[in-house]
Amino acid sequence: MKRAALLAALLLVSACSHADPAAQFAAAQKAYAAEDYAAARAQVLGALDADGSNRDMLLLFARTQLKLGDGDGAQATLSRLEEAGVTSPELVRMKAEAAILRGQPQAALDLLGRDGTAEGWRVRAAAHNALDNGPAALEALRRGLAVDGRHYALLHDYSRFLIAAQDFPAAAKTIETMRQIGPDWLDTLMMAGTLAAQQGQLDTAQRSYTAAAEKYPARVEPLSALASLADMRGQVDTALAFVARAAKIAPDHPEVTDLTVLLASEKGDWETVRKTLVSQELTLDPRSANGMSYAEALLRLGHPEHARAMFAKALLLSPQNPYARIMLAESQLAVGDPVSALRTVRPLSDSVLAGERELDLAVRAAKAANDPVAGALLARLHSPGLKTNQQLVSAGQAALFRQDWQTALTTFSQIPGHENDPEVLRRMALAASRVGKADVALGYADRALDLAPRNADMLHTAALVRLEAGRDRDQMLRLMKAASQLDPANRLFRADLARAAAASG
């Protein structure tokens, strides 16, 4: 438990020290049932102050701690129960879940042993996920659902996996089962909203998230989702208002931090970005959204060397990330290394997808480096066709977002030079696959891979079109593994690798 939360809880316990512990326990149970876990924890703490050895109270306290992600606190509470002589399979599963939260997933697997319950499989899947073993996690989820196909928490975790894998039809079926069990439960509303948002159905997503926010006013997640949705619509001020409401509930919640950083970055408020993340600098993943926002804040605030080091790490870990590439080039130019800046930006500026930003940066770097390519780049920057190309790129990407696959395929095919651009071919392969043109999709994907054989995105797409077509299973699995090895933190790659392994098994 964080120090601020602990102090608040202790103050509440002190204020309620003369309250009826039975009444407080009843209030805690009611809050837990309403999924207000912070209130449940505060109430049961008050009850335990008067009756510290009450086993039922301790068990509820441990459950709230697990729901709030407090693995250390849950472990301590579960140890108190064991010392009091409480033993049960449920307690063992809770200890395993606490171990995962404490960064000990292998210990969790050891604790679970041969537990064959649906809940045991759910916790086992979480442990495998923490160990980056997607195939084992998927297997555990499926085996758990085979034991109990209506285990709500298992259905939630499975639907989250399916959405990450962009298997939207299967996710919709799973969420429908969740809806049958708890139509207005928080996770049902949130997963339905997430699925809709991922499919470009923003109005549907907003209705689901709004319903969640109204029914669960003490929870941060619906407000964060509404903020993200507003940001997707370009409504930054509306998004900020939702974040402000969420911050009043839980100012240190990771989603509040992430959105604060994202929106401040979009507004160019780099000092807010720096202040929000400076305490996390040593632990930030440089390829994460927060890591790169922090690096850009350093660049904009006059620390280009520091920014260059962070963006260099980000690009090394995720070489296909265009933002990391363009910002590294900006940083290299800022420290007086235009030769490196030009070399870094060329994969972007040479693409038929290049816009004004990529070309302008390449021109500035080439001129500073006295490279003769500056003339050709400048000609492209001011060419009449650039605006038309960008309109086609925007229209194609918008069609992909709304899943209008045939329009996307047609639009991208109109971009001059698309047949020799791996990124355009990759997008066309995905669109062709979605409209059932397997042979066309394979042709585009393999051509893209020929042009960029070490690009994780191209490897993943070549594998994915084979997975969806049910072809070349051995090659499909090899390609999917290669993509995941190049970008092991990519959630989509990990989910699809699990699907690929299951399909090849």
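In this report, a contact means heavy atoms within 4.5 Å. The model is predicted, so local features need pLDDT of at least 70 and side-chain atom pairs count only at pLDDT 80 or more, while totals for chains, interfaces and linings use all residues. Residues are numbered from 1 along each chain as its sequence is written, and side-chain values use heavy atoms, with hydrogens and water left out.

**Confidence**

Let's begin with pLDDT, the predictor's confidence in each residue, from 0 to 100. The protein chain has a mean pLDDT of 94, and 96% of its residues reach 70 or more. Residues 1–17 have pLDDT below 50, and this stretch has 12 contacts in the model beyond near neighbours in sequence. Where pLDDT is low, the predicted coordinates should not be read in detail.

Helices here are DSSP runs (H or I, at least four residues), numbered from the N terminus. Val393 lies in helix α24, which covers residues 385–401. With a relative accessible area of 10%, Val393 is buried; buried means under 20%, exposed over 50% and partly exposed in between, using a 1.4 Å probe and protein chains only. Not counting residues up to four places away in sequence, Val393 touches Leu353, Phe412, Ile415 and Arg427.

Ala438 belongs to helix α27 (residues 438–451) and is partly exposed, at 23% relative accessible area. Leaving aside neighbours within four places in sequence, Ala438 is in contact with Ala469 and Arg471. From Ala438 to Arg466 the C-alpha distance is 8.1 Å, although they are 28 residues apart in sequence.

**Arg219**

Next comes a loop residue. Arg219 sits between α13 (202–215) and α14 (221–232), and is buried with a relative accessible area of 15%. A polar atom of the Arg219 side chain lies 2.6 Å from the backbone oxygen of Glu35. The side chains of Arg219 and Glu221 are also joined by a polar contact of 3.1 Å. Such a contact is a pair of N or O atoms within 3.5 Å; within protein, one must be able to donate a hydrogen and the other to accept it, and residues adjacent in sequence count only if both atoms are side-chain atoms. Beyond neighbours within four places in sequence, Arg219 is in contact with Glu35, Tyr37, Leu186 and Ile249.

**Aromatic rings and charges**

The structure holds 3 aromatic pairs. Rings of Phe, Tyr and Trp (its six-membered ring) pair if their centres lie within 6.5 Å; planes under 30 degrees apart count as stacked, over 60 as edge-to-face and the rest as tilted. Two of the pairs are listed here.

| Pair | Centre to centre | Angle between planes | Type |
|---|---|---|---|
| Tyr152 and Trp185 | 4.7 Å | 75° | edge-to-face |
| Phe311 and Tyr323 | 6.2 Å | 80° | edge-to-face |

Tyr152 lies in helix α10 (residues 152–164) and Trp185 in the loop between α11 (168–181) and α12 (186–198), so their pair ties together parts that are 33 residues apart in sequence. Tyr152 is buried at 14% relative accessible area, and Trp185 is partly exposed at 35%. The other listed pair links Phe311 in helix α19 (residues 304–317) with Tyr323 in helix α20 (residues 322–334), 12 residues apart. Phe311 is buried, with a relative accessible area of 0%, and Tyr323 is partly exposed at 27%.

Charged ends also sit over rings, which requires NZ of Lys or CZ of Arg within 6 Å of the ring centre and within 35 degrees of the ring normal. Arg124 lies over the face of Trp121, 4.2 Å from the ring centre, and the charged end of Lys215 is over the ring of Tyr216, 5.8 Å from its centre.

Helix α30 (residues 491–504) has 14 residues and reaches 20 Å from its first C-alpha to its last, close to the 20 Å expected at 1.5 Å a residue; the expected span is 1.5 Å times one less than the number of residues. Its buried residues include Leu492, Phe493 and Leu497, and they pack against α9 (134–147), α10, α28 (456–469) and α29 (473–486). Asn490 caps the N-terminal end of α30, with a side-chain oxygen 3.0 Å from the backbone nitrogen of Leu492.

Among the buried residues of α9 are Leu138, Leu141 and Leu145, and their cover includes α8 (118–130), α10 and α30. At the start of α9, a side-chain oxygen of Asn133 reaches to within 3.2 Å of the backbone nitrogen of Ala136.

Technical notes:
Helix = DSSP H or I, 4+ residues; strand = E, 2+ residues; numbered from the N terminus.
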